[in-house]
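I opened this notebook to keep track of what I looked up, entry by entry.

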Amino acid sequence: MPGSSSGPSAAQAAGPSAGSPGEQAAAEGETDGAAEEQAAQDEATRRLAKAVRAAEQALIEFEIAVETFRVEVENFSRLHHQRLGPMYARLDELDAQIAEAVAARTGDPEDVRKAQEARASVLPMPGVEELFHGWMGADGLFDEAQAMLTEQPVRPPQKVRPSEEARKVYRDLVRKAHPDLARDDAERARRDAFIARVNTAYGRGDEAALRELASEWEAGPAPAERWLTESEELYARLEWLAARKELLAVVAAELEESAIGAMIKMAPDDPDALLDEIAEKLLADVAEREAHLAQLVG
């Protein structure tokens, strides 16, 4: 019939059906839900990454504090041995002489045994020069040690206490180059080697060397940064940081509980004054024992 059409309808000519309005709404809802879920996961990951970075910086600051205290303990220990070692040695020698004088008077086997033990404790030992940092050798106290005991002028032991400027350079270096900021084994190895050199210079209180190392780091290859995006990796990182902090806490506790650490805590602002007090007490003990010995052999 004229005007009729045997071809496809208008809907068919328009192509495949897009579905009913309900189906379209459901599809859009699923898409929106997936997008919202992904956005929530991304936000959670960003927060976790932020927490990891904060934990890394906190750990580095803690390591700086522990290393600084370790250097203080090590240097104070060295100064303690250098300055007071000869006095302790003199006291040991006097105790041996007093015990020998008592044994010679009484002839008692127990007194003889005590005298032998006292003498054995002051016999020269291998490496005694190193033990007393050059203050005592196999032949006894060196001249400088004797001068100190008799309060004669003597060259004071070299102090190694990093200056405030050296501490500042050290802290800046550690914050930038710390191995815990590495994201792969090669970068960690590079940072480990560099920080070892930094710690050595800091232990010597060598500000010039620290500044040279700072320039070297700035001129070196920029560390490749890669933000962690996987939640599993971030959680593992947090666990590692927590474990590392626990280990450092143990080290810090051992330093604080050590004899030298306890001494530093007694006078953190002026440990030299504490050495002066101890030296004065030891000199008094030496004088007392010398007087006792003079009575025994006089």
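I began with helix α9, residues 231-257, which has 27 residues and reaches 39 Å from its first C-alpha to its last, close to the 39 Å expected at 1.5 Å a residue; the expected span is 1.5 Å times one less than the number of residues. Helices here are DSSP runs (H or I, at least four residues), numbered from the N terminus. In α9, I noted Leu-234, Arg-237, Leu-241, Leu-248, Ala-252 and Leu-255 as the buried residues, buried being under 20% relative accessible area with a 1.4 Å probe, protein chains only.

I reminded myself that this is a predicted model, in which local features need pLDDT of at least 70, side-chain atom pairs count only at pLDDT 80 or more, and totals for chains, interfaces and linings use all residues. Residues are numbered from 1 along each chain as its sequence is written, and side-chain values use heavy atoms, with hydrogens and water left out.

Next I checked confidence: pLDDT, the predictor's confidence in each residue from 0 to 100, averages 76 over the protein chain, and 73% of the residues score at least 70. Over residues 1-17 the pLDDT is below 50, and beyond near neighbours in sequence I found 0 contacts for this stretch, a contact being heavy atoms within 4.5 Å.

Last, I looked up the aromatic pairs, of which the structure holds 2; ring centres must lie within 6.5 Å, with planes under 30 degrees apart counted as stacked, over 60 as edge-to-face and the rest as tilted. The rings of Tyr-170 and Tyr-202 are stacked, because their centres are 3.9 Å apart and their planes at 10°. Both of these tyrosines, Tyr-170 and Tyr-202, are buried.

Key:
Helices (H or I, at least four residues) and strands (E, at least two) are DSSP runs, numbered from the N terminus. Buried means under 20% relative accessible area, exposed over 50%, partly exposed in between (1.4 Å probe, protein chains only). Rings of Phe, Tyr and Trp (its six-membered ring) pair if their centres lie within 6.5 Å; planes under 30 degrees apart count as stacked, over 60 as edge-to-face and the rest as tilted.
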